[in-house]
Amino acid sequence: MKGVWAVFYRELMFYRRRGVRTVLSSVIYPALFLLAFGYGIGKGARVSGMSYITFLIPGLITMSSMNQAYGISVEVNVSRYYFKIFEEYLLAPIGRWEIMAGEVLYGMGKGLLPVLFLLGYSAFAGIGLRITPLFLLCLFLHLLAFALLGFIIAMAVESHADQAALSSFVMVPMIFLSDTFYPIDKMPLLARYLGYFSPLTYSTKLIRGTLLPGSHLFSFKYLLFMVGIILALLAVAVVLVERAEA
Amino acid sequence: MEIEVQNLRKRFGEVEALRGISFGVFPGEVFAFLGPNGAGKTTTIKILTGLIREFQGEILYRGEPFSPRILSFKRVIGVVPQHNNVDRDLTVEENLKVHCYLHGLWGKKQRERIREVLELTGLQGHLRRKADHLSGGMKRRLIIGRALLHEPQILFLDEPTVGLDPAVRRSMWDLIRGINVLKGCTVFLTTHYIEEADMLAQRVVILDAGRVVAQGRPQELKEALGRYTLEIYHRDRIEEEFFQSREEALERMRSLDVPAKVREVNLEDVFLSLTGRRIRV
């Protein structure tokens, strides 16, 4: 476990150095979406039998926390190919999985910040959300899945240009086709099918379902699906980190 | 033998980086890999330290077969890479702490080790400084100090003084000698600086295009050519002739009608005589 702590400590110190800048960047994104979609477009609108703001907040929670957790892909990639700090980890007498665990833990921690901001905002704005153990479990699975995905991308992609392209072609469409801003059922057929392939669709349904009182969106089927996705991502991440060379 | 390498081969696609090299490193010695850029020096170090996992050939560490997947060998080695991979956003202390945690050094032991390497590397008083604000030489010292935190028995240094000015380079040589003598650490270094290999190494392997072209004590390698080199400056090339005595070389120089210079034989002459090329071309 020493490797997990070492990697996590390094990332924590790095995060601390960037201080206000990093905290603001993780909060400003959901705040802008809240402003644009929540108030600009959706004021007074109703979706799936609830106010659009109420529908939107869980979607913003999943989207912004996904962005932050997945965002470790850039940091790990830069530390691997540009600063070569990753080499220090590879040289240490620690299991490769410990590197992965330390980075993923950091990604999950980063992903919590916008969640706290949005939950705080919801409480302030009087939007009734339920914080239950089931919600925390779903949030944990959601953060774990996307931090793992970020780590996998960092291991698999060898240049920042490829990484940017991947974000444009995969992450951005995922945000818009995954139940975050509007129900996936209202989408055209092709978009709906694309959405069904996105893990964000299921984690959004789970988080919205557990956060909103009286919601029927939660399903154990989705929960199992997320667990399956995580196990698959874990297997890929382990293989890639085991293969990593400097 | 500290390290024994037999028929080590490594290929990157079409490029054959190592073409079956063999050598051995004795405990407590300073051992140098000398060769031009692209000779295979860094590839060898990366294989020996487990950073490259796929290779052909046999490696023994203290008689035990080496595998990059065995963690125990990583506890006895320290590595100073060619590039300055200090964490620039972190302080000197935080950089050292990360390494301590990676090697399971906590609490009092961690504080003691950090204090000791700071003294050894002359970085006391810089503990709270951001690594990015250190000079190039200080960054190299920090990386060397970091590699020594867990008290390795073998220290790998990949081009330790590349890019440093001559004065800083000399201070680095003193540091490396100190580590070897005071700490009893076996030092394996790669360099393309002739004088660095000459000054520091007890034994040298001269590498060119993935092949070992010579190995032995620097003095023996040089004496095989002679003691003095006469450099003859023709219009289109520099010719070298070797002599056992200075008088013979001077006599030959006086007989020439082109400019010439007598100097002591160095390892570059050895490389040139074996490959027909200079190391720093």
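Author: H9(A) passes H10(A) in a left-handed crossing. A crossing is left-handed if the near helix is turned anticlockwise from the far one by less than a right angle, and right-handed if clockwise. This is a predicted model, in which local features need pLDDT of at least 70 and side-chain atom pairs count only at pLDDT 80 or more, while totals for chains, interfaces and linings use all residues. Residues are numbered from 1 along each chain as its sequence is written, and chains are lettered from A and ligands numbered from 1 in the order in which they are written.

Two packed helices are described by the angle between their axes and the distance between the axes. For helix H9 (residues 199–211) of chain A and helix H10 (residues 220–243) of chain A, the angle is about 135° and the axes are 9 Å apart. Axes are lines fitted to C-alpha atoms, for helices over the stretch in contact, and angles run from 0 to 180 degrees between N-to-C directions. The angle makes H9(A) oblique to H10(A); angles under 35 degrees count as roughly parallel, over 145 as roughly antiparallel, 65 to 115 as roughly perpendicular and the rest as oblique.

On the H9(A) side, the contact involves Pro199(A), Tyr202(A), Ser203(A), Lys205(A) and Leu206(A). They meet Tyr222(A), Leu223(A), Phe225(A), Met226(A) and Ile229(A) of H10(A). Two residues are in contact if their C-beta atoms, placed from the backbone, lie within 7 Å. By class, the residues where H9(A) meets H10(A) are eight nonpolar, one polar and one charged. Here Ala, Val, Leu, Ile, Met, Phe, Trp, Tyr, Cys and Pro count as nonpolar, Asp, Glu, Lys and Arg as charged, and the others, Gly among them, as polar.

Now the whole chain. Chain A has 10 helices and two strands, where helices (H or I, at least four residues) and strands (E, at least two) are DSSP runs, numbered from the N terminus. Along the sequence their order is α-β-β-α-α-α-α-α-α-α-α-α. The radius of gyration of chain A is 18 Å, close to the 18 Å that the globule rule (2.2 Å times the number of residues to the power 0.38, with the radius taken over C-alpha atoms) gives for 246 residues, so chain A is as compact as a globular protein of that length. Its C-alpha atoms fill a box of roughly 55 × 40 × 35 Å, taken along the principal axes. Among contacts in chain A between residues at least 6 apart in sequence, 78% join residues at least 24 apart.
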